[in-house]
Amino acid sequence: MLRLQLLRFLLVGALNTAVGYCLFALFTWMGLAYPAAIALATLLGIAFNFQSTGRLVFGGAPLSRLLRFVAVYVVIYGLNVGGVAVLLRTGANVYLANGLVILPLALVAFVLQRRFVFTAL
């Protein structure tokens with residue numbers, strides 16, 4: 001069950017990530033600083049991600065869980081900005097840096113959502 005759920009999470013997350021990364025790249029290209037670009041892309045993706053992840057991965061997306069879902073995204077945002085900042089110091093460009101932190105952040109997001117957001121659905 002856990003493996004199947006993780007697989008569904010990764011598949012749904014691939015779509016969510018593609019949309020989020022494209023938004024991030026667009027906002028960065030438009031001249032926003034990377035923290036603002038990450039924040040705006042994250043905010044725009046939350047509603048879609050809540051529904052797709054909740055329904056397709058965890059079997060439901062009750063609005064009573066939305067605040068918990070947003071809290072997980074706040075944690076992921078902080079880790080994302082911090083990870084990008086570290087990689088920028090190594091000489092990576094902002095696009096590569098954000099691309100490199102996506103998969104580790106997806107695994108962290110899965111664990112947090114499974115334990116704190118979509119428990120007992």
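A residue counts as partly exposed when its relative accessible area lies between the buried limit, under 20%, and the exposed limit, over 50%. Val 75 in this predicted model has a relative accessibility of 41%, so Val 75 counts as partly exposed. Val 75 sits in helix H3. Leu 2 is 73 residues away from Val 75 in sequence. In space, the two C-alpha atoms are 23 Å apart.

Now follow H3 to its partner. Two packed helices are described by the angle between their axes and the distance between the axes. Helix H3 covers residues 66-89, and helix H4 covers residues 94-117. They pack at an angle of about 150°, with axes 9 Å apart. Angles over 145 degrees count as roughly antiparallel, so H3 is roughly antiparallel to H4. Their crossing is right-handed.

The contact itself draws on both helices. From H3 come residues including Arg 68, Phe 69, Val 72, Val 75, Ile 76 and Val 84. On the H4 side, the residues include Val 94, Asn 98, Leu 105, Leu 112, Gln 113 and Phe 116. By type, the residues of this contact divide into 19 nonpolar, four polar and one charged.

Next, the core. The largest nonpolar core has 28 residues. Phe 9, Phe 24, Phe 58, Phe 69, Ile 76, Val 84 and Phe 118 touch the most other members. Helix H1 (2-29), helix H2 (34-56), H3 and H4 each supply at least two residues of this core. H4 gives the largest share, eight residues. Phe 69, Ile 76 and Val 84 tie the two topics together: they are among the core members with the most contacts, and they also meet H4 from H3.

Conventions
Residues are numbered from 1 along each chain as its sequence is written. This is a predicted model: local features need pLDDT of at least 70, side-chain atom pairs count only at pLDDT 80 or more; totals for chains, interfaces and linings use all residues. Side-chain values use heavy atoms; hydrogens and water are left out. Axes are lines fitted to C-alpha atoms, for helices over the stretch in contact, and angles run from 0 to 180 degrees between N-to-C directions. Helices (H or I, at least four residues) and strands (E, at least two) are DSSP runs, numbered from the N terminus. Angles under 35 degrees count as roughly parallel, over 145 as roughly antiparallel, 65 to 115 as roughly perpendicular and the rest as oblique. A crossing is left-handed if the near helix is turned anticlockwise from the far one by less than a right angle, and right-handed if clockwise. Contact means heavy atoms within 4.5 Å. Ala, Val, Leu, Ile, Met, Phe, Trp, Tyr, Cys and Pro count as nonpolar, Asp, Glu, Lys and Arg as charged, and the others, Gly among them, as polar. A nonpolar core is a set of buried Ala, Val, Leu, Ile, Met, Phe, Trp, Tyr and Cys residues joined through side-chain atoms within 4.5 Å. Buried means under 20% relative accessible area, exposed over 50%, partly exposed in between (1.4 Å probe, protein chains only).
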